[in-house]
Amino acid sequence: MQATSVPLCLVVALAGCSPKARSFQGAGAGSDGDHGVGAFEPGAGWDGETPACAAETQAIDCDDDNPCTADACATGACVNVPLDGIPAPPSVQIAGDCQVLTCAAGRLSAAPDDADADDDGDPCTSDACRGGVTTHVVTAGSTCGQDGVCDATGACRAADGQACAAPEDCASGSCADGVCCDTACDETCMACNVERSVGACSPLGPGAEDAPDCAQEDKVCDGTGACKLAPGRRCHRDENCASGVCRGNRRCGEFGAE
């Protein structure tokens, strides 16, 4: 840890011995320069006598490269006191790794930190930590891109009501009547491009034709998604007619007629 100006009395109290007698072994990096957990260990760095130092240059003279020691110069000798039970400095923390490093008896110790999730930059995933492990869960239905929606696989596709040429263009997986639709919408007298409900499979209006099943001369859509007899056609009961009216002459009445 970078050396700091520590009062002599405090250093002596922490070290448990006189400054001149103390030869606490600092800790350097591993052979590969890694400063991860376990790399900073008392006894792994300096050897021999405690290095001489000056208060003015203690930042250089006494830095043992261990973030979990308090480094100071006391009456011309370096003292490196192990820190315990405190967070490690920000310089050794890794953002987004779901871990928090603390100092324990002069060594780095890792613990799960579920508030330290990594943002993968994908609008179709929810980023979180679970037990110290990063997770990226697909959030189907979330908005993405320009007017897009995330599908069940985490891909950003067109939302319902947007133009499409094939089912794979749509987050819903359904392309009907030239637009992405909430269902396949392949029933008679139903469509996905009905005005005021584009993108939602809805009944065609009363009197509309729907080829091929409801485009004959004697049948039209009734406005509720059913194909029935057209006005003027012979009928037996009201429910036979698209208008819902079978007149006394056994002919279907016009739409809106009583």
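**View 1. Arginine 157 and its salt bridge to aspartate 151 in the predicted model**. Arginine 157 counts as partly exposed, at 32% relative accessibility. Side chains of opposite charge can pair when their charged atoms come close. The structure holds 3 salt bridges. The other pairs follow in the next two views.

**View 2. The salt bridge between aspartate 222 and lysine 228**. Here the closest N and O atoms are 3.9 Å apart. The pair counts as a salt bridge because the cut-off is 4 Å. Aspartate 222 is buried, at 13% relative accessibility. Lysine 228 is partly exposed, with a relative accessible area of 25%.

**View 3. Arginine 237 paired with glutamate 239**. The closest N and O atoms of this salt bridge lie 3.2 Å apart. Arginine 237 is partly exposed, at 47% relative accessibility. Glutamate 239 is partly exposed too, with a relative accessible area of 47%.

**View 4. Aspartate 71 and its polar contacts**. Aspartate 71 sits in strand E1, which spans residues 69-74. Is aspartate 71 buried or exposed? Its relative accessible area is 0%, so aspartate 71 counts as buried. The side chain of aspartate 71 makes a polar contact of 2.8 Å with the side chain of threonine 69. Another polar contact, to the side chain of asparagine 80, is listed at 2.8 Å.

**View 5. A patch of negative charge on the surface**. Which residues gather in this patch? They are Asp118, Asp119, Asp120 and Asp122. Aspartate 118 belongs to the loop between strand E5 (107-112) and strand E6 (125-130). Its relative accessible area is 33%, so aspartate 118 is partly exposed. That value passes the patch cut-off because members need over 30% relative accessible area.

**View 6. Threonine 139 and threonine 125**. Threonine 139 is found in the loop between strand E7 (133-138) and strand E8 (143-144). At 21% relative accessibility, threonine 139 counts as partly exposed. Buried would need a value under 20%. Along the chain, threonine 139 and threonine 125 are 14 residues apart. Their C-alpha atoms are separated by 5.3 Å.

**View 7. The cis peptide bond from alanine 211 to proline 212**. Omega of this bond is near 0°. Proline 212 lies in the loop between strand E14 (202-203) and strand E15 (219-221).

**View 8. Aspartate 65, with a positive phi**. Phi of aspartate 65 is near 65°, in a residue other than glycine. Where is aspartate 65 placed? Its place is the loop between helix H2 (58-61) and E1. Aspartate 65 is partly exposed, at 34% relative accessibility.

**View 9. Aspartate 147, with a positive phi**. Phi is about 60° here, although aspartate 147 is not a glycine. The residue lies in the loop between E8 and strand E9 (148-150). Aspartate 147 has a relative accessible area of 52%, so it counts as exposed. The cut-off for exposed is over 50%.

Definitions and conventions. Residues numbered from 1 in each chain as written. Predicted model: local features only at pLDDT ≥ 70, side-chain atom pairs only at ≥ 80, totals over all residues. Heavy atoms only, no water. Patch = residues over 30% accessible without salt bridge, like charges linked within 9 Å, V, L, I, M, F, W, Y side chains within 5 Å. Areas by Shrake-Rupley, 256 points an atom, 1.4 Å probe, with all protein chains shown as cover. Salt bridge = Lys/Arg side-chain N within 4 Å of Asp/Glu carboxyl O. Lys, Arg positive; Asp, Glu negative; His and termini not counted. Charge placed at Lys NZ, Arg CZ, Asp CG, Glu CD. Helix = DSSP H or I, 4+ residues; strand = E, 2+ residues; numbered from the N terminus. Buried < 20%, exposed > 50% of the residue type's maximum accessible area, 1.4 Å probe, protein only. Polar contact = N/O pair within 3.5 Å; in protein donor to acceptor, adjacent residues only side chain to side chain.
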